[in-house]
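Here is a short tour of one model, written for someone who would rather look at side chains than read tables. Keep the viewer open as you go.

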Amino acid sequence: MKNLVFFLVCTFSIQFCFAQPAWEQLNNFPEAGQFTASFTTINAPYVIRDLSMYRYVRDTDTWEQKNNLPNEIATTGHEGFEYNGIGYIFGKELAGNHTGVIWEYNESNDSWIQITSHDFGDFGLYDLDASVFVAGSKAYILTPTGGNNFRSYDFVSQSWELLEPYPHAVVYDTKAVSVNDRHYVIFVNLMPGMQPYLYEYDIPSNSWIRRADYIGTLVDWFPTGVFGIDSFLYAGVNNLSPNFYRYDISNDSWLQIESPLSLIHISEPTRLGMIS
């Protein structure tokens with residue numbers, strides 16, 4: 001199956017087809033503003049802005065509005081991910097500042113069901129701003145919660161496990177991505193200041209490995225676009241048109257490549273999500 005990556009820029013959508021190294025503009029996204037989460041099910045990609053959600057229909061290049069996320073989830077800071085072809089949202093419970101929840105999306109009836117909740121401690125100044133990757137039957141979740149900032153949720157046993165903390169205690173603006181069964185977290189805002197750090201998490205040893213730093217320019221408080229495909233990790237920072245790079249996991253090195261931002265004028269935050 002051909003892999004596609006959708007690059008969402010306010011009312012723009014840019015498609016990068018890896019069979020041919022070129023960017024192609026797709027139909028405009030229906031709402032302006034910053035996207036807060038996205039996920040891809042076995043059937044389609046979904047994009048979320050605050051609590052509103054849209055499904056992208058690939059055959060017709062159109063957007064279809066779906067039911068909103070549950071009102072019990074905070075409107076910012078949630079993160080989308082996919083497990084077994086089903087879409088999920090991890091976010092902070094609206095009431096209080098300690099409980100993280102996972103909601104499952106049912107495509108057949110366009111509805112949400114909460115499957116778990118967990119006390120994470122204080123999420124800090126910002127709602128949650130988590131990053132998630134999936135491996136095996138588990139979702140691995142990094143949150144800005146001091147020293148105890150990394151946990152896994154096992155969908156089979158329906159249990160949580162506290163893991164080796166990410167090397168930095170307060171973590172905002174991180175992005176998690178998996179490449180060929182290897183798992184990475186890139187970028188971190190240590191309040192103040194974005195850092196170009198790239199860490200790999202090794203599941204068997206429950207440990208973090210520092211890899212080569214991102215070599216592009218960073219801008220505080222602006223989202224970044226990160227995705228993995230084949231044997232590469234791709235990362236870029238918006239508002240900086242040449243600032244798009246590819247990380248080769250085989251030799252721990254970065255290479256600058258053509259950015260979609262050089263093709264259009266960028267004036268708003270961006271987000272990247274992979275669609276397989």
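This is a predicted model: local features need pLDDT of at least 70, side-chain atom pairs count only at pLDDT 80 or more; totals for chains, interfaces and linings use all residues.

## Strand β14 and its neighbours

β14 and strand β15 (residues 159–162) run antiparallel and pair over four bridges; strands count as paired if DSSP finds at least two bridges between them. Strands here are DSSP runs of E with at least two residues, numbered from the N terminus. Serine 152 sits opposite glutamate 161 in β15.

Residues are numbered from 1 along each chain as its sequence is written, and side-chain values use heavy atoms, with hydrogens and water left out.

Is β14 buried or exposed? Five of the five residues of β14 (150–154) are buried, so the strand is largely enclosed by the rest of the structure. Buried means under 20% relative accessible area, exposed means over 50%, and partly exposed is in between (1.4 Å probe, protein chains only). Phe150, Ser152 and Asp154 point one way, Arg151 and Tyr153 the other, and all are buried.

## The nonpolar core

The largest nonpolar core holds 16 residues, and those with the most contacts inside it include Tyr184, Ile186, Tyr214 and Trp254. Such a core is a set of buried Ala, Val, Leu, Ile, Met, Phe, Trp, Tyr and Cys residues joined through side-chain atoms within 4.5 Å. β16, β17, β18, β21 and β22 each supply at least two of its residues.

Take isoleucine 186: leaving out residues up to four places away in sequence, its contacts include Tyr197, Tyr214, Leu233 and Trp254. A contact means heavy atoms within 4.5 Å.

## Aromatic rings

The count comes to 33 aromatic pairs. Rings of Phe, Tyr and Trp (its six-membered ring) pair if their centres lie within 6.5 Å; planes under 30 degrees apart are stacked, over 60 edge-to-face, and the rest tilted. Tyrosine 214 and tryptophan 254 are edge-to-face, at 5.4 Å centre to centre and 90 degrees between the planes. Tyrosine 214 is in the loop between β19 and β20 and tryptophan 254 in strand β23, so their pair ties together parts 40 residues apart in sequence. The rings of phenylalanine 227 and tyrosine 234 are stacked, because their centres are 4.9 Å apart and their planes at 15 degrees. Both phenylalanine 227 and tyrosine 234 are buried.

## Salt bridges

How many salt bridges does a search of the whole structure find? It finds six, each a side-chain nitrogen of Lys or Arg within 4 Å of a carboxyl oxygen of Asp or Glu.

Arg182, Glu200 and Arg211 are linked in a salt-bridge network. Glutamate 200 meets arginine 182 with the closest N and O atoms 3.0 Å apart. Since glutamate 200 is in strand β18 and arginine 182 in strand β17, that pair ties together parts 18 residues apart in sequence. Glutamate 200 also bridges to arginine 211 (2.8 Å, N to O). Glutamate 200 is buried at 6% relative accessible area, whereas arginine 182 is partly exposed at 26% and arginine 211 is partly exposed at 23%.
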